[in-house]
Amino acid sequence: MSQQAASLFEQFWSHYPARHGRPKVGKQPCLLLFRELDEAAQAACVQAAKHYRLASRPRPDGGFVPEPRYPERFLKKGWWEAWTEGPVLQCDFRVTPACTNPVEDGTSTCEPHRLYRAKLAALRAEEGKR
């Protein structure tokens, strides 16, 4: 297995959602299935895991969210192919016009706005100490 494929698999595994707080299982069988894919499909599989993770998050309105599938079945049955295209992620920082910077992985804001929020929180904490 090439270094690139191993890196892609580790990315896939880290982005794939756990089943509601329980540890993920089946890493070795997933690795064997992942190896069978060509490099383009492996990269698409990483994107699919990212999109699937976003769709598997609990909803703020308390709506039903099904448990994520086991990662081995996700790969074996080809379900990842349905998740290669996901929602376009936009920065949720409220500015007009809307922010067009790319969203940082695992967050809902871009880097400049994340840094701004951190600085603002630090200033508020400093103000609270006075």
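Me: What should I keep in mind about the model before I start?
Reply: The model is predicted, so local features need pLDDT of at least 70 and side-chain atom pairs count only at pLDDT 80 or more, while totals for chains, interfaces and linings use all residues. Residues are numbered from 1 along each chain as its sequence is written, and side-chain values use heavy atoms, with hydrogens and water left out.

Me: How many helices and strands are there in the protein chain?
Reply: Helices (H or I, at least four residues) and strands (E, at least two) are DSSP runs, numbered from the N terminus. Here there are five helices and zero strands, giving the pattern α-α-α-α-α along the sequence.

Me: At what angle do the axes of α1 and α2 cross?
Reply: Axes are lines fitted to C-alpha atoms, for helices over the stretch in contact, and angles run from 0 to 180 degrees between N-to-C directions. Helix α1 (residues 3-15) and helix α2 (residues 27-36) have axes that come within 11 Å and cross at roughly 130°. That makes α1 oblique to α2; under 35 degrees counts as roughly parallel, over 145 as roughly antiparallel, 65 to 115 as roughly perpendicular and the rest as oblique.

Me: Which residues of α1 and α2 meet?
Reply: Contact means heavy atoms within 4.5 Å. From α1, Ala5, Leu8, Phe9, Glu10, Phe12 and Trp13 meet Lys27, Cys30, Leu31 and Phe34 of α2. By class, eight of these residues are nonpolar, none is polar and two are charged.

Me: Which residues of α1 are buried?
Reply: Buried means under 20% relative accessible area, exposed over 50%, and partly exposed in between (1.4 Å probe, protein chains only). In α1 the buried residues are Ala5, Leu8, Phe9, Phe12, Trp13 and His15, and their cover includes α2, α3 (39-55) and α4 (71-76). Across the protein chain, buried residues make up 29% of the 130 residues.

Me: Is histidine 15 buried or exposed?
Reply: Histidine 15 is buried, because its relative accessible area is 10%. Leaving aside neighbours within four places in sequence, histidine 15 is in contact with Val46, Ala49, Lys50, Arg53 and Asp105.

Me: Where is arginine 57?
Reply: Arginine 57 sits in the loop between α3 and α4, and is partly exposed at 36% relative accessible area.

Key:
Nonpolar A, V, L, I, M, F, W, Y, C, P; charged D, E, K, R; others polar.
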